[in-house]
Amino acid sequence: MNINKLENWYADHHRKLPFRETKDPYHIWVSEVMLQQTQVETVIPYFERFIKRLPSIHDLAAIEEEKLFSLIQGLGYYRRFKNLHKAAKIVVTQHKGIFPSSFKEVRKLPGIGDYTAGAIMSIAYNKPYNATDGNVIRVLSRLMNINDDMRIDKNKKQITAINQSFIEKANPNIYTQAIMELGALICRPIHPKCKLCPLNSECLAYKNNLQNTLPNLSKKPEKKLIQYKVFIIRDNNYLYLRKRKEKLLGGMYEFPQFEEDLLPFDYHVIKVLGHKKHIFTHLIWEMKALEVKLISEPLDEWIKISIDDLKLYPMATAHKKIANLL
Ligand code: SF4
C-alpha cells in the first residue's frame with residue numbers, strides 16, 4: 001500500500017470530529033467505546049456531553065452507575081459502559097488515575113479488546129499497534145482482492161497481520177485514523193467512491209471491478225424473535241418499573257414484561273396501548289404494551305415511581321418506545 005498517499009489524503013480530507021482532535025487517551029478510549037456498534041453522527045453529541053460532565057477518569061470512576069446510565073441512555077449495548085466504569089475504577093486505584101501506556105496494561109482493562117487497545121495505542125501514543133475493525137477489513141479485502149470469508153476468525157487474523165505490517169511502516173497515529181476514515185467516507189460498504197480514492201491506482205478490486213462484491217461476509221444466523229407483553233400498571237399518578245438484572249441491558253429500568261402467559265400476578269386489561277419492535281444484534285423483541293389494573297400484590301422486584309419522575313430512570317431505547325405510548 002502507498003501509505004504516503006493515504007496519509008496525505010487524510011490530512012486534506014478528514015472530518016473534524018471532536019474525538020479526533022485530541023491525543024488524550026481517556027477521550028480516545030471513551031469515543032472508541034461509544035463507536036462500537038454506533039454511528040459517528042449519533043456518538044458526537046453523547047461524546048461531547050459525556051466529556052463535559054466527566055472531564056477526567058477520576059470523574060468517571062466516581063460517578064454512580066445510575067447517573068452514568070442516564071448520561072448514555074439511548075446509545076444501546078450498555079454492558080460496554082459498565083466495563084468502562086469498572087475500568088476507570090481500576091485506572092484510578094491501580095494506575096494512580098493515569099491511563100496506562102503499554103498495550104499489555106491497556107488490553108487487561110475490562111471491555112478493551114485488541115481493536116480498542118490498538119486504537120488507543122496508535123492514536124493516543126503513536127505506537128505501531130493495529131486497530132482492525134470492519135472498515136479496515138473492507139478496505140484491505142478490496143485493495144488486495146482477498147476473497148476469504150471475513151466472518152471466519154482465521155481470515156480476520158490474516159488481514160489483521162497485514163494491517164499490522166502496514167502500521168509498522170507508517171505514522172501510527174495518522175495511519176489508524178486515515179484507514180478508518182477512508183473506509184467511512186470513500187471505501188463505503190455500498191457504492192464506494194473509487195474515482196476519489198487515493199489508493200485506486202493500486203486497488204485490485206477496482207482494477208477487476210470487484211469492489212461491490214468484497215469483502216466476502218457469509219450470511220449471519222437469523223435473529224431470534226421474542227414476543228413480550230409489557231405491562232403499564234398505573235396506580236393514580238404512579239406506575240411500576242423494574243431494574244434489569246439480565247446480562248442484556250443489565251442495570252437499565254423497564255416496565256414489567258413477560259414472555260409467557262402464566263404470570264406471577266393477576267390483572268385485567270384496561271386497554272392495548274400499542275405494539276413496538278426493537279432489533280438487537282442477535283434478537284428481535286416484539287412488544288405488546290398493555291395498560292392493566294393489578295388485582296394481586298405487586299412483585300417484590302418492582303419499584304413504584306411517580307409518572308413525573310419517569311425520565312429520571314435510565315431506560316433502554318426498547319422501553320423508551322413503550323414510554324412514548326403513555
Ligand atoms: S479503489 Fe475503491 S474499492 Fe479500492 S480501496 Fe479505493 S474505494 Fe475501496
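User: How many disulfides does a search of the whole structure find?

Analyst: A disulfide here is a pair of cysteine sulfur atoms within 2.5 Å. The search turns up zero of them. Before we go on: this is a predicted model, where local features need pLDDT of at least 70 and side-chain atom pairs count only at pLDDT 80 or more, while totals for chains, interfaces and linings use all residues. Residues are numbered from 1 along each chain as its sequence is written, and side-chain values use heavy atoms, with hydrogens and water left out.

User: Is C187 buried or exposed?

Analyst: Buried means under 20% relative accessible area, exposed over 50%, and partly exposed in between (1.4 Å probe, protein chains only). C187 is buried at 11%, and C194 is buried too, at 12%.

User: Which residues have the most contacts inside the largest nonpolar core?

Analyst: A nonpolar core is a set of buried Ala, Val, Leu, Ile, Met, Phe, Trp, Tyr and Cys residues joined through side-chain atoms within 4.5 Å. In the largest one, with 67 residues, those are W29, M34, F50, L60 and F255. Domain 1 (3–207) and domain 2 (224–323) each supply at least three residues to this core; the bounds come from an automatic or database domain assignment. Another core, of 27 residues, lies apart from it and includes L140, I179, L182 and I186.

User: What does W29 touch?

Analyst: Contact means heavy atoms within 4.5 Å. Leaving out residues up to four places away in sequence, W29 touches I57, L60, L84, A87, A88, F99, I112, T116 and I120.

User: And where is R20 found?

Analyst: Helices (H or I, at least four residues) and strands (E, at least two) are DSSP runs, numbered from the N terminus. R20 sits in the loop between α1 (3–13) and α2 (25–35). R20 is buried, with a relative accessible area of 14%.

User: What about backbone geometry?

Analyst: Most residues other than glycine have a negative phi, and most peptide bonds are trans. Here, a cis peptide bond joins L214 and P215, with omega about 0°. P215 is in the loop between α12 (204–207) and β1 (224–235).

User: Which value does phi of N126 take?

Analyst: A positive one, about 55°, although N126 is not a glycine. N126 lies in the loop between α8 (114–125) and α9 (134–143) and counts as partly exposed at 36%. L249 also isn't glycine, and its phi is positive, near 60°. L249 is in the loop between β2 (238–243) and β3 (253–254), and is buried at 7% relative accessibility.
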